[in-house]
Amino acid sequence: MNLRPIQRIAFAGAVMGAFTFTACAEKQQETTEAAQDQHEGMDHSTMDHGQMTTQEVVEAPDYTSVGGPVKAQVAALVDNYLKLKDALVASNAQTAKAAAESVLAAAEKIDLAKLEGEQKAFAEEKVEEVKQSATKIAEAGEVSAQRESLELLSEATFSLTKAFGATDQKLYYQHCPMANNNQGAYWLSANQEIRNPYFGEQMLKCGGTEEVLN
């Protein structure tokens, strides 16, 4: 088969797309089979299968009784995080940079002074992780470099949201098994439908939901 240069490029792109989709599917199958093996080894005699939900991936303390502006401030952080995640899905480095700066500004506004003891220590740790990762994303010039800091930002944002009960919005903690050189990585989404921020169009639907909040 004698292909013209443009046809060769299109053909190569199609082959690469098929390869990455197959690789993602195979990786997800491995993860699913491992989870099934673990599930089959459990004692189900006392379990109410009607109440079974997704697993708890991120453990967070219960500080939902905390009053004051913290909940609204963390909710604002989540809103800005979601804009950043969407920018990475679109592989738009400039939009991601601006969104990361907004995440950083939202984190700076979280009032930790009125928290005490373990609540304050927990919040300080997670807010610092948000600031560090958002700063790295804002300073990175390439989408690939920005994506390297997304998982820490995602975990810290989700932990704060869960701990302080910051939103009534349903949130999905999702996972791509091929991100970070096949080590896997998580992100937070307001939509159940998978839109992968680690690969964008390259593997847009690679991944699955592993925890649901609200």
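The side chain of Asn 196 reaches the backbone nitrogen of Tyr 198 at 2.7 Å, a polar contact in the sense of a pair of N or O atoms within 3.5 Å, where within protein one must be able to donate a hydrogen and the other to accept it, and where residues adjacent in sequence count only if both atoms are side-chain atoms. This comes from a predicted model, in which local features need pLDDT of at least 70 and side-chain atom pairs count only at pLDDT 80 or more, while totals for chains, interfaces and linings use all residues. Residues are numbered from 1 along each chain as its sequence is written, and side-chain values use heavy atoms, with hydrogens and water left out.

Asn 196 sits in the loop between strand S2 (185–189) and strand S3 (208–213). Because its relative accessibility is 0%, Asn 196 counts as buried; buried means under 20% relative accessible area, exposed over 50%, and partly exposed in between (1.4 Å probe, protein chains only). Leaving aside residues up to four places away in sequence, Asn 196 touches Val 89, Cys 176, Trp 187, Met 203, Leu 204 and Cys 206, a contact being heavy atoms within 4.5 Å.

Read from the N terminus on, the order of elements is α-α-α-α-α-α-β-α-β-β. Of the 214 residues in the chain, 41% are buried. Among contacts with a separation of 6 or more, 66% involve residues 24 or more positions apart.

Two helix pairs deserve a look. Two packed helices are described by the angle between their axes and the distance between the axes. Axes here are lines fitted to C-alpha atoms, for helices over the stretch in contact, and angles run from 0 to 180 degrees between N-to-C directions. Helix H2 (residues 70–89) packs with helix H3 (residues 93–108) at about 165°, their axes lying 8 Å apart. H2 is therefore roughly antiparallel to H3; angles under 35 degrees count as roughly parallel, over 145 as roughly antiparallel, 65 to 115 as roughly perpendicular and the rest as oblique. The residues of this contact divide into twelve nonpolar, three polar and one charged, where Ala, Val, Leu, Ile, Met, Phe, Trp, Tyr, Cys and Pro count as nonpolar, Asp, Glu, Lys and Arg as charged, and the others, Gly among them, as polar.

The second pair is formed by helix H4 (residues 117–139) and helix H6 (residues 150–164), which pack at an angle of about 150° with axes 8 Å apart. H4 and H6 are therefore roughly antiparallel to each other. Their contact comprises twelve nonpolar, four polar and three charged residues.

Finally, Gln 174 belongs to strand S1 (residues 171–176). Gln 174 counts as buried because its relative accessibility is 0%. Its side chain reaches the backbone oxygen of Asn 191 at 3.1 Å, and a polar atom of that side chain lies 3.1 Å from the backbone oxygen of Gln 192. Both partners are listed among the residues that Gln 174 touches, which also include Trp 187, Ile 194 and Thr 209. Gln 174 and Ile 194 stand 20 residues apart in sequence, with a C-alpha to C-alpha distance of 7.8 Å in space.

Definitions and conventions: Helix = DSSP H or I, 4+ residues; strand = E, 2+ residues; numbered from the N terminus.
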